[in-house]
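Please keep the sequence and the coordinates open while reading.

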Amino acid sequence: MRRLLLLAVAIALAGCMEVEQANSGRQSGQTVKRDVPAWNNEPLANGPQWVKGDRASWEGQIKKRQLAQNESRRISE
Amino acid sequence: MARMKFLCDAERCIECNGCVTACKNENEVPWGVNRRRVVTINDGVIGAEKSISVACMHCSDAPCMAVCPVDCFYRTDDGVVLHDKDLCIGCGYCFYACPFGAPQFPQAGAFGLRGKMDKCTFCAGGPEVDRSEAEFKKYGRNRLSEGKLPACAEMCSTKALLGGDGDVISDIYRERVARRGNKGAEAWGWGSAYGQPAKASAPAAPAGGKS
């Protein structure tokens with residue numbers, strides 16, 4: 001009878017347990033899984049090229065693309 | 001370090017909705033959700049009518065991030081404001097906080113039930129594995145991981161919509177404004193999204209002033 005009572009209490013209290021709801025990759029100041037930076041991806045074969053993992057080379061190639069939005073510069077080239 | 005921003009030149013926007021179509025097509029945005037739209041200001045007023053393309057501006061101090069009760073927003077290293085749809089509860093607080101009306105809510109069921117928030121990702125996907133099927137389904141295409149700029153800006157035929165690092169696009173805009181004789185120098189939404197430049201210092205109190 002006592003065992004049955006203990007089991008019933010354990011089952012009843014199981015619902016009170018607090019489950020960790022944060023994502024596993026949690027970092028301070030960032031509540032979700034940390035996104036992989038764009039430069040850590042392999043460049044596509046037929047797309048813009050950069051060195052994987054090298055932020056400066058990724059930024060360099062995307063800057064060229066940004067500057068291409070300036071049509072007066074494109075005309076003068 | 002790149003800080004990704006959008007800038008819309010109201011003098012150039014011809015309201016063609018090419019940016020809206022490019023966004024819809026690139027990200028396969030569901031029916032009823034408009035991540036980007038073209039807004040007309042002073043509609044019908046001769047000489048004062050302007051069109052601007054509006055979406056999430058990826059604010060420096062994003063109000064959506066501040067109000068989200070489940071803290072589902074995060075900022076990437078490039079300054080792009082993204083969110084995790086697995087955490088979003090579709091409460092709509094971000095919609096009320098956003099000065100640009102960027103957060104969109106798909107209808108998830110009958111009686112106007114709101115789904116999880118959807119917004120412009122600067123074509124940077126979400127927290128899922130880059131270029132994965134799951135990322136595409138939830139957030140659309142991840143063009144930044146392909147070394148490309150957002151489709152809307154790259155598609156803009158008049159180059160009214162500029163996207164990219166704040167320094168680079170503001171230089172382009174400055175040069176453009178100077179070339180056309182300082183006409184249309186307002187960068188719409190930049191004050192709200194990226195703040196005004198901090199004042200150097202408060203003026204010193206005049207000597208022998210009021211006691």
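The helix α6(B) is followed by B:Gly181, a residue whose phi is positive, near 75°. The model is predicted, and it scores ipTM 0.86 and pTM 0.83.

**Helix α6 of chain B**

- With 14 residues, α6(B) reaches 20 Å from its first C-alpha to its last, which is close to the 20 Å expected at 1.5 Å a residue.
- Its buried residues are B:Val168, B:Ile169, B:Ile172, B:Tyr173 and B:Arg176, and because they cover an arc of only 130° around the axis, they lie on the same side of α6(B).
- On the other side of α6(B), the residues B:Arg174, B:Glu175 and B:Ala178 are exposed.
- An α-helix has 3.6 residues a turn, so residues three or four places apart point the same way.
- The buried residues of α6(B) pack against elements of both chains, namely α2 (55-67) of chain A and, within chain B, β1 (4-8) and β6.

**The contact between the chains**

- In this model, 29 residues of chain B are in contact with 26 residues of chain A.
- On the side of chain B that touches chain A, β6 (161-165) and α6 (166-179) of chain B each supply at least two residues, and the largest share, five residues, comes from α6(B).
- By residue class, that side of chain B divides into 13 nonpolar, four polar and 12 charged residues.

**Chain A and its helix α2**

- Chain A has three helices and zero strands, which follow the pattern α-α-α when read along the sequence.
- Of the 77 residues of chain A, 13% count as buried.
- The buried residues of α2(A) are A:Trp58, A:Ile62 and A:Gln66; seen down the helix axis they fall within an arc of 75°, so they line one face of the helix.
- On the other side of α2(A), the residues A:Ala56, A:Gly60 and A:Lys64 are exposed.
- What covers the buried residues of α2(A) includes β6 and α6 of chain B, and α2(A) is in turn among the elements that the buried residues of α6(B) pack against.

**The nonpolar core**

- The largest nonpolar core holds 55 residues, of which B:Cys152 and B:Leu161 touch the most other members.
- Leaving aside neighbours within four places in sequence, the contacts of B:Leu161 are B:Phe6, B:Cys8, B:Cys19, B:Ser53, B:Cys152, B:Ala153 and B:Cys156.

**Confidence**

- Chain B averages a pLDDT of 90, and 92% of its residues score at least 70.
- Over residues 205-211 of chain B, however, pLDDT stays under 50, and the model has zero contacts beyond four places in sequence for this stretch.
- Chain A averages a pLDDT of 80, and 73% of its residues score at least 70.
- In chain A, confidence is lowest in helix α3 (residues 71-76), at a mean of 80, and highest in α2(A), at 95.

Terms used: Residues are numbered from 1 along each chain as its sequence is written. Chains are lettered from A and ligands numbered from 1 in the order in which they are written. This is a predicted model: local features need pLDDT of at least 70, side-chain atom pairs count only at pLDDT 80 or more; totals for chains, interfaces and linings use all residues. Two residues are in contact if their C-beta atoms, placed from the backbone, lie within 7 Å. Helices (H or I, at least four residues) and strands (E, at least two) are DSSP runs, numbered from the N terminus. Ala, Val, Leu, Ile, Met, Phe, Trp, Tyr, Cys and Pro count as nonpolar, Asp, Glu, Lys and Arg as charged, and the others, Gly among them, as polar. The expected span of a helix is 1.5 Å times one less than its number of residues. A residue is buried if 20 or more other C-beta atoms lie within 10 Å of its own, exposed if 12 or fewer, and partly exposed in between; C-beta atoms are placed from the backbone. The arc is that of the directions from the helix axis to the C-beta atoms. A nonpolar core is a set of buried Ala, Val, Leu, Ile, Met, Phe, Trp, Tyr and Cys residues joined through C-beta atoms within 7 Å. pLDDT is the predictor's confidence in each residue, from 0 to 100.
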